[in-house]
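Have the sequence and the 3D view open as you read.

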Amino acid sequence: MAFTYAAKKQAEGRKTKLFRKDGIKLLLMALPFVIFTIAFSYVPLFGWIYAFFDYRPGIPLDQTPFIGLENFRNMLSDPRMGPVLINTLALSLLSILTSPIPLLFAIMLSEVKTEWFKRLVQTVSTLPNYISWIIVFSLAFSMFSTEGAVNSIMMKMGIPGAPVDVLGNYDRVWTVQTLLLLWKSVGWSAIIYLAAIVGIDAEQYDAAKVDGAGRFRMIWHITLPSIMPTFIVLLLLSVSNLLSAGFEQYLVFSNVMIADRIEVLDLYVYRLGLVTGDYSYSTAVGIFKTLISVLLLFTVNALSKKVRGQSII
């Protein structure tokens, strides 16, 4: 009996050492990413101090006049803040409204039984995610500009209304940019839902088949409820990033005809700081965006915990 107890304790000791050794290995593997996150996400937060000074490049901070919350008060009287916030919220809300499309795409792709065709569609739909927005703009310009391929074909065919200025249409700019973002991201976003679908217990589908359920009923009663928690989490995260509509896309697609409708908050901060040189005010606007985003994150987290009984952070 004593021998058995001693052997058991020795085995537990070896298991504890193995767990500890594996834990150290995993920690060392994660350490570069932790350092990267701290260096590029937290260290720059020290730059927030410039929002409280009338900073000018070349003048040391200790010789710069302290202005307190003046930059934040100036935001309330800034005539550009209203249109910029409207553009940001409109583009973000349109992106949220189209968020079910990757989910539906993933469900349809999972129902394809021909493996080579499924892999082909998944590869083709995911590739745009790896194309930079500069290349996307070049492709869109060559196709949809007034002298692009689409308008050239329309004029040769004698279609009335040609040429159509798609990229310079002031009234349709939000729709065009949302469709471009959807085309670029739908395949990549669907990967998350495909992973969730793969994790569904196959016995549920087998039981449904025995009960006589068809494909649509299995999708409605098994697939959708199983991946809905993933969709809710991603939706809540999208809501928390409501003021982060993007930057590079709107920078490259901006032109004089649609500049007022495409200037989002990130682009406005960029122009304030790097174009006009108003570093203090641009930092204050960036702080405002960050604080609102954090507030939205904790709000939707509390809402998720109250409604679903689960939090996302």
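## Salt bridges

Start with Glu115, which is partly exposed at a relative accessible area of 43% (buried means under 20%, exposed over 50%, and partly exposed in between, using a 1.4 Å probe and protein chains only). Before going on, two notes: this is a predicted model, where local features need pLDDT of at least 70, side-chain atom pairs count only at pLDDT 80 or more, and totals for chains, interfaces and linings use all residues. Residues are numbered from 1 along each chain as its sequence is written, and side-chain values use heavy atoms, with hydrogens and water left out.

Glu115 pairs with Lys118 in a salt bridge, 3.9 Å from N to O (the rule asks for a side-chain nitrogen of Lys or Arg within 4 Å of a carboxyl oxygen of Asp or Glu). Because they sit three residues apart in helix α5, Glu115 and Lys118 are separated by about one helical turn. Lys118 counts as buried, at 18% relative accessibility. Helices here are DSSP runs (H or I, at least four residues; strands are E, at least two), numbered from the N terminus.

How many salt bridges does the rule give? The count comes to six. Another one joins the side chains of Asp54 and Arg56, at 3.1 Å from N to O. Asp54 is partly exposed at 31%, and Arg56 is partly exposed at 40%.

Then there's Arg271 with Glu263, at 3.4 Å from N to O. Here Glu263 is buried at 8%, while Arg271 is partly exposed at 25%. Shared partners link Arg80, Glu263 and Arg271 into one salt-bridge network.

## The largest pocket

The largest pocket holds about 730 Å³ of space. A pocket, on a 1 Å grid over the protein atoms alone, is an open set of points where a 1.4 Å probe fits, with protein on both sides within 12 Å along at least five of seven lines; lining residues have an atom within 4 Å of a point. Points are joined across faces, edges and corners, and the volume is the space filled by probe spheres set on them.

Of its 31 lining residues, Ser95, Leu181, Ser185, Ser189 and Ser238 are the closest to the centre. Helices α3 (81-97), α8 (173-198), α10 (215-240) and α11 (248-253) each supply at least two lining residues, and α8 has the largest share, with eight. By type, the lining splits into 18 nonpolar, 12 polar and one charged (Ala, Val, Leu, Ile, Met, Phe, Trp, Tyr, Cys and Pro are nonpolar, Asp, Glu, Lys and Arg charged, and the others, Gly among them, polar).

## The second largest pocket

Next comes a pocket of about 410 Å³. Its lining has 17 residues, with Ser110, Glu111, Lys113, Ile197 and Tyr205 nearest the centre. The elements giving two or more residues to this lining are α5 (115-126), α8, α9 (202-210) and α10. This lining divides into eight nonpolar, three polar and six charged residues.

## A nonpolar surface patch

Which residues form a nonpolar patch on the surface? They are Ile24, Leu28, Leu31, Val34, Ile35, Ile38, Tyr42, Val43, Leu45 and Phe46, with about 980 Å² of accessible area together. Patch members need over 30% relative accessible area and no salt bridge, with nonpolar side chains (Val, Leu, Ile, Met, Phe, Trp, Tyr) joined within 5 Å and like charges within 9 Å; areas come from the Shrake-Rupley method with a 1.4 Å probe, and for residues only the protein chains shown count as cover.

Ile24 is found in helix α1 (residues 2-42). At 47% relative accessibility, Ile24 is partly exposed.
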